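Colleague: Before we talk through this model, I would like each label set against its cut-off. Could you show me the sequence and the structure?

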Amino acid sequence: MKAAAALRALHHGPGLPLVLPGPWDAASARVFADAGFPALATPSAGIAASLGYEDGATPPDEMFAAVRHIARAVDIPVSADVEAGYGLSARELVGRLTDAGAVGCNLEDTDHTTGQLRDAHQQADWLAEVRAEAGDALVINARIDTYLHGVPDSDETVRRGRLYAEAGADCVYPILAPPPLLADLATAIGLPVNAVVTPDGPTPRELGTLGAARVTFGPGLQQRAMAALTGMAERVREELEVEAS
């Protein structure tokens with residue numbers, strides 16, 4: 001409960017935006033914690049890649065196990081991206097998050113069965129069930145996938161965000177929303193807004209200036225680490241070839 005309260009408070013300052021690196025395993029979690037970040041947010045795509053799966057294809061047992069390893073490795077709050085909830089009941093989902101040591105979660109409004117946006121009222125009802133089961137022990141970041149699905153309609157994003165706020169979400173995540181809209185979305189929805197860092201987009205500090213209270217990286221940090229590792233592997237291979245010639 002105390003860890004959830006601490007994570008929730010970080011969304012309201014001081015020192016906004018709250019920048020949450022995305023660890024994909026225990027070792028990367030320790031690196032980010034040792035660097036002084038106050039909390040972490042696991043990326044489902046980054047964990048999937050680390051386990052050899054495509055994004056969205058990680059078996060739930062393996063995802064929760066990965067989150068458990070990460071949470072046990074650090075002494076700071078961990079929020080877990082659990083996609084659309086894997087078809088679990090609210091009670092099962094909250095129980096598994098608690099068992100894994102997570103004190104926050106991302107829940108997205110894409111229906112993974114159809115690949116389309118879920119009905120907003122159904123999603124709000126689902127979030128309300130999760131809130132009722134968790135009480136204050138879970139920080140809920142409600143992801144809004146309108147822009148991801150080519151619905152660049154701020155009115156629809158706001159409508160969904162308000163429904164999710166009423167259902168008990170602590171934060172909303174209109175993924176891939178144009179950065180200049182972040183402040184207006186936060187004001188209209190009435191909750192802190194999460195923005196994601198993209199390769200060619202604004203920096204975390206710039207996203208904060210534009211209105212994001214919370215900044216995450218998706219799988220970006222894991223991908224950058226893998227790019228660095230690829231470079232190391234190529235250099236080792238080149239050295240071996242030189243020695244053999």
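Predicted model: local features only at pLDDT ≥ 70, side-chain atom pairs only at ≥ 80, totals over all residues.

Colleague: What makes Trp 24 and Phe 32 an aromatic pair, and how is its geometry classed?

Modeller: Rings of Phe, Tyr and Trp (its six-membered ring) pair if their centres lie within 6.5 Å, and planes under 30 degrees apart count as stacked, over 60 as edge-to-face and the rest as tilted. By this rule there are two aromatic pairs. In the pair of Trp 24 and Phe 32 the centres are 6.4 Å apart and the planes stand at 75°, which is edge-to-face. The other pair, Phe 64 with Tyr 86, is edge-to-face as well, at 5.9 Å centre to centre and 70° between the planes.

Colleague: Why is the pair of Phe 64 and Tyr 86 said to tie parts of the chain together?

Modeller: Phe 64 belongs to helix H4 and Tyr 86 to the loop between strand E3 (78-81) and helix H5 (90-100), so the pair links parts that are 22 residues apart in sequence. Helices (H or I, at least four residues) and strands (E, at least two) are DSSP runs, numbered from the N terminus.

Colleague: How do you know the angle class of H3 and H4?

Modeller: The axes of helix H3 (residues 44-51) and helix H4 (residues 60-73) come within 11 Å and cross at roughly 100°; axes are lines fitted to C-alpha atoms, for helices over the stretch in contact, and angles run from 0 to 180 degrees between N-to-C directions. Angles under 35 degrees count as roughly parallel, over 145 as roughly antiparallel, 65 to 115 as roughly perpendicular and the rest as oblique, and H3 and H4 are therefore roughly perpendicular to each other.

Colleague: Which residues of H3 and H4 meet?

Modeller: Ser 44, Ile 47 and Leu 51 in H3 meet Glu 62, Met 63, Ala 66, Val 67 and Ile 70 in H4, where contact means heavy atoms within 4.5 Å.

Colleague: What makes E3 a paired strand, and with which strands?

Modeller: Two strands pair if DSSP finds at least two bridges between them. Strand E2 (residues 40-41) pairs with E3 in the parallel sense over two bridges, Ala 41 having Ser 79 as its bridge partner. Three bridges join E3 to strand E4 (residues 104-108), again parallel, and Ser 79 stands opposite Gly 104 there.

Colleague: Why is Gln 222 called buried?

Modeller: Gln 222, in helix H10 (residues 220-244), has 6% relative accessibility and therefore counts as buried. Leaving aside neighbours within four places in sequence, Gln 222 is in contact with Trp 24, Gly 46, Ala 49 and Ser 50.

Key. Residues numbered from 1 in each chain as written. Heavy atoms only, no water. Buried < 20%, exposed > 50% of the residue type's maximum accessible area, 1.4 Å probe, protein only.
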